[in-house]
Amino acid sequence: MGDRETSNHSEVTDFILFGFRVHPEFHILLFLLFLLVYAMILLGNVGMMIIIMTDPQLNTPMYFFLGNLSFIDLFYSSVIAPKAMIDFWSESKSISYASCVTQLFLFVLFIVTEGFLLAVMAYDRFIAICNPLLYSVQMSTHLCAQLVAGSYFFGCISSVLQTIMTFTLPFCASRAIDHFYCDYHPLQRISCSDLYIPNIVSFFLCSIIILPTIIVIIVSYICIVSIVLKIHSTEGQKKVFSTCSSHLGVVSVLYGAIIFMYVIPDRFPELSKVASLCYTLVTPMLNPLIYSLRNKDVKEALRKILGKKNYFYLILY
């Protein structure tokens, strides 16, 4: 039996991404929708990184983390969206074994890194609001770089473990993945091996990744709220809440979609695809909008850049 499973596993050279269960006429509409969202992701996140890198006033820990968040959003959406758009026009909808491995590895790497980075950003807001006099000392450039590097490190470790665990399974039931990208739950469904141990390992990985980041975020904001309630000035309270509301919005959308995705039973694959859309495309699109529309510093930096472009335009013409 073991030899047959190994043989079946070795014969798998590609997979079929089933995608969305919609009438073929809707594929054009979905393609245009994906294209619009992906264009907004590119424009928003690249624009945010340019603004942060070019404006000296944004050379602070908060914007350093925000620039890395835009970088992560840009790349993990790019792992998913282009292939999904190609499949709307493709009849075969195939993805090679190596491409599927790469897609899963990069997606897990960036999504886990983003989770840790959001926890780091919550800690940054906690220090800035609860201990402002020592903020520049405690959130030094060296520490900020270490926190970001640590986020990528844990993302990489988690990605390696998840990818190895998934692709050592024998895929002998079918090559058709009922999803629009290579995710480990849909891949496990086409395996013919016992999934007890992989499920235990997945649960363990999710627990040590999601729980600590959620705890850091919750504790940070409990402390922030307790400080805000002690502020007698209504204007001061509004200023603090406006600073934190953007981050809370991003956290709510991302973690809400992820939790919803992984508590949905396997008998509802279409709902899991909708939840996946939230954190693969919707969240990367909304993040730069949330941070730019609710942030005076970013809006002012954008005005400066646009003002310089208009000035050079007048000189040239």
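The legends below describe close-up views of a predicted model.

Residues are numbered from 1 along each chain as its sequence is written, and side-chain values use heavy atoms, with hydrogens and water left out. Because the model is predicted, local features need pLDDT of at least 70 and side-chain atom pairs count only at pLDDT 80 or more, whereas totals for chains, interfaces and linings use all residues.

**View 1. The protein chain, with 11 helices and 3 strands.** Helices (H or I, at least four residues) and strands (E, at least two) are DSSP runs, numbered from the N terminus. Read from the N terminus on, the elements follow the order α-β-α-α-β-α-α-α-β-α-α-α-α-α. Of the 317 residues in the protein chain, 43% are buried, where buried means under 20% relative accessible area, exposed over 50% and partly exposed in between (1.4 Å probe, protein chains only).

**View 2. Helix H3 (residues 61–89) beside helix H6 (residues 141–167).** The axes of H3 and H6, which are lines fitted to C-alpha atoms over the stretch in contact, with angles running from 0 to 180 degrees between N-to-C directions, come within 10 Å and cross at roughly 25°. H3 and H6 are therefore roughly parallel to each other, since angles under 35 degrees count as roughly parallel, over 145 as roughly antiparallel, 65 to 115 as roughly perpendicular and the rest as oblique. The contact, meaning heavy atoms within 4.5 Å, is made by Pro 61, Phe 64, Phe 65, Asn 68, Phe 71 and Ile 72 of H3 together with Cys 144, Ala 145, Leu 147, Val 148 and Tyr 152 of H6.

**View 3. Strand E1 (residues 14–17) and the strands paired with it.** Two strands pair if DSSP finds at least two bridges between them. E1 runs antiparallel to strand E2 (residues 94–96), to which 3 bridges join it, and in E2 the bridge partner of Asp 14 is Ser 96. With strand E3 (residues 176–177), E1 pairs in the parallel sense over 2 bridges, and there Ile 177 is the bridge partner of Leu 17.

View 4. Leu 187 is buried, with a relative accessible area of 0%. Not counting residues up to four places away in sequence, Leu 187 touches Phe 15, Cys 100, Leu 104, Thr 166, Phe 167, Phe 171, Ile 177 and Cys 182. Phe 167 lies 20 residues from Leu 187 in sequence and 8.5 Å from it in space, C-alpha to C-alpha.
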